[in-house]
Amino acid sequence: MRSNVEHGSANHGTNGDGPQTAAEVLVKCLESEGVEYVFGIPGEENLDMMNALEKSNIRVIVVRHEQGAAFMADVYGRLTGKAGVCFSTLGPGATNLITGTADANSDGAPLVAITGQVGTERMHLTSHQYLDLVELFAPITKRSKQIVNPNSVNEIMRIAFKYAESEKPGACHVDLPTNVAKQAVTPGAAAYPLKKPKTNREYASFYSIDQAAAAIYKAKHPVILAGHSAVRNRAGEALTSFADTLRIPVVNTMMAKGIIPYNNKYSLWTIGIPQKDYQNKVLDMADLVIAVGYDIVEFAPGKWNQNGKHKIIHIDQRPAHINMLFQPEAEVIGDISYSLQQIQYRCDPKDEPVDFINLRKEMVEEYESYADDNSFPMKPQKILYDIRKFMGESDIVISDVGAHKMWIAREYNCYEPNTCIISNGFATMGIAVPGAVAAKLINPDKKVLAISGDGGFMMNSQEYETALREKTPIVTLIFSDASYGLIKWKQMDHFGHNCFVDFENPDFVKYAESMHAKGYRVKKAEDLIPILQDAFQQKIPCIIDCPVDYSENVKLSEYLHQKFEM
């Protein structure tokens, strides 16, 4: 496919100034929604859509696997708040979109997936590559629709974007049969995109705000548990002011890193690893949990409220999920920043939370104790200490899923929201490399570092060709141990031995070079920061192979068990 960025919008039909096809109106709808990129792979059943895209200013990012396309759209949506768009042909192309689509839906990332399909005349028969994609996508999306009438394209596309981008954001699916794509849309209203209305902010009732303020007034040791909704609804500034003014400690989920700067005296960092950690101790000490933008899909209430004893306030854009261990005393539903400000006005500052601050000092001392650790293979704590030292406050880390994710959650702390992207709703391996490509496309002036295990890296490493072709010089750092490290860790914790988790790796330096990227191998701890410096000066994507000492996994389990569970 040739580059399409120099062409104007598709304002005409296939035949001169005649009626537009359904595929052409679909692309006009994408333009109207402000779509910048579409990620995917062309196929026989989406030829008409590709032809329409060629005449559009929308940039088509052709990937090497549809799963990569879905992950790119997923991370685009999470970083921008606008729906990322991915596409595929029918059958196997469409099924390859499913994992990334499900990830976006679970993680609250707006995404629209568009699939090609056989003609409607074949759907009642056993037919080559035919699957009922509407039914297939229904459980993993907010809406799954098939276009059967060319005059309904604009309505179906508006529905998809409306639901993808409305709270809680998620994925929507549109299925376009190949014969419908070619059909003419009747001139008039059906030929134009529907208007995208501006959404009015909704505010919590004063009654619920007063309820929350009264509960905080009565509490001696309140703690804030902040989740991803606070990030996507841009409540970081209001939350930081709330915590500072009222002197209330903050624990954040993995997906809410940076919602309050980690060096803030009331920041008690990230909860979410399987073991009981400092943050669990903090919540155990609380007599009131103020859940701000918290979603139970990120970190189940059973992990921090096993006995259901906590008093809880729920502050979010939407009501709490139903869960026997998450039953709020009050629900403050509306714009999160406004709710926090109004509650803050009604409350006096608490006494300085000395016990919590002393715990924080222990956390900082433990974190800093790895600053000069030059053992090799490198300890995960030291790798992340050096990465944090190197990366700027606004630079972006994309975490894959595996043992390294647990360490990133615990050790890589953030100054700003959306600077460490972790999939922890669906928690999907393989997201880091394609996710980093999307992050670099929309943040060309920031350093974008994908951190992956060797297992997750090989699941979508083919997108390094996409990164090179699209001139997105990402860097991937691989925690290399030649095994599925998180599963090995869990086996060791549960059974004291492991099985079926080891494999062999390619030479990652030569692998990078074969993809026309640049490869590095860390050979001693002192190498890491100089290698990162050199890698981020390159104009091409880079891969860093960093051997990791994962004996630290079991050591951490033992340490935390002795510290918090005995």
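Predicted model: local features only at pLDDT ≥ 70, side-chain atom pairs only at ≥ 80, totals over all residues.
- The buried residues of H15 are Pro-380, Gln-381, Lys-382, Ile-383, Leu-384, Tyr-385, Asp-386, Ile-387, Arg-388 and Phe-390.
- Tyr-385 also belongs to an aromatic cluster, together with Tyr-262, Trp-269, Tyr-367 and Tyr-415.
- Phe-390 has a charge above its ring: the charged end of Lys-447 sits 5.2 Å from the ring centre.
- In the loop between helix H14 (354–368) and H15 you will find Pro-377, and the peptide bond that joins Phe-376 to Pro-377 is cis, with omega about 0°.

**Helix H5**
- Eight of the ten residues of helix H5 (residues 98–107) are buried, so the rest of the structure largely encloses this helix.
- Those buried residues are Gly-100, Thr-101, Ala-102, Asp-103, Ala-104, Asn-105, Ser-106 and Asp-107.
- They pack against helix H3 (66–80), strand E4 (111–117), helix H6 (133–137), strand E6 (171–177), helix H10 (228–232) and strand E14 (420–422).
- Leaving out residues up to four places away in sequence, Thr-101 touches Ala-70, Leu-111, Ala-113, Phe-137, Ile-140, Thr-141 and Ala-171.
- Just after H5 comes Gly-108, which has a positive phi of about 75°.

**Ile-396 in strand E13**
- Ile-396 is found in strand E13 (residues 396–399) and is buried, with a relative accessible area of 1%.
- Apart from neighbours within four places in sequence, its contacts include Leu-79, Met-391, Asn-418, Ala-439, Lys-447 and Leu-449.
- Glu-513 is 117 residues from Ile-396 along the chain, and their C-alpha atoms are separated by 24 Å.

**Aromatic rings**
- The model has 18 aromatic pairs.
- One of them is Trp-304 with Phe-326, an edge-to-face pair at 6.3 Å centre to centre and 80° between the planes.
- This pair links distant parts of the chain, 22 residues apart: Trp-304 is in the loop between strand E10 (288–292) and strand E11 (312–316), while Phe-326 is in the loop between E11 and strand E12 (330–333).
- Both Trp-304 and Phe-326 are buried.
- Elsewhere, Arg-143 lies over the face of Tyr-163, 3.8 Å from the ring centre.

- Met-459, Tyr-484 and Ile-487 make a nonpolar surface patch of about 260 Å².
- Met-459 is in helix H18 (residues 454–460) and is partly exposed, at 36% relative accessible area.

**Backbone spots to check**
- Most residues other than glycine have a negative phi, and most peptide bonds are trans.
- Ala-482 has a positive phi near 55°; this residue is in the loop between strand E16 (475–480) and helix H20 (485–495), and is partly exposed at 24% relative accessible area.
- His-516 has a positive phi too, near 65°; its place is the loop between helix H21 (508–514) and strand E17 (518–521).
- Is His-516 buried or exposed? His-516 counts as exposed because its relative accessibility is 57%, and the cut-off for exposed is over 50%.
- The peptide bond from Glu-167 to Lys-168 is cis, with omega near -15°, and Lys-168 is in the loop between helix H7 (153–165) and E6.

How values were computed:
Residues numbered from 1 in each chain as written. Heavy atoms only, no water. Phe/Tyr/Trp six-rings, centres within 6.5 Å; stacked < 30°, edge-to-face > 60°. Helix = DSSP H or I, 4+ residues; strand = E, 2+ residues; numbered from the N terminus. Buried < 20%, exposed > 50% of the residue type's maximum accessible area, 1.4 Å probe, protein only. Lys NZ or Arg CZ within 6 Å of the ring centre and 35° of its normal. Patch = residues over 30% accessible without salt bridge, like charges linked within 9 Å, V, L, I, M, F, W, Y side chains within 5 Å. Areas by Shrake-Rupley, 256 points an atom, 1.4 Å probe, with all protein chains shown as cover. Salt bridge = Lys/Arg side-chain N within 4 Å of Asp/Glu carboxyl O. Contact = heavy atoms within 4.5 Å.
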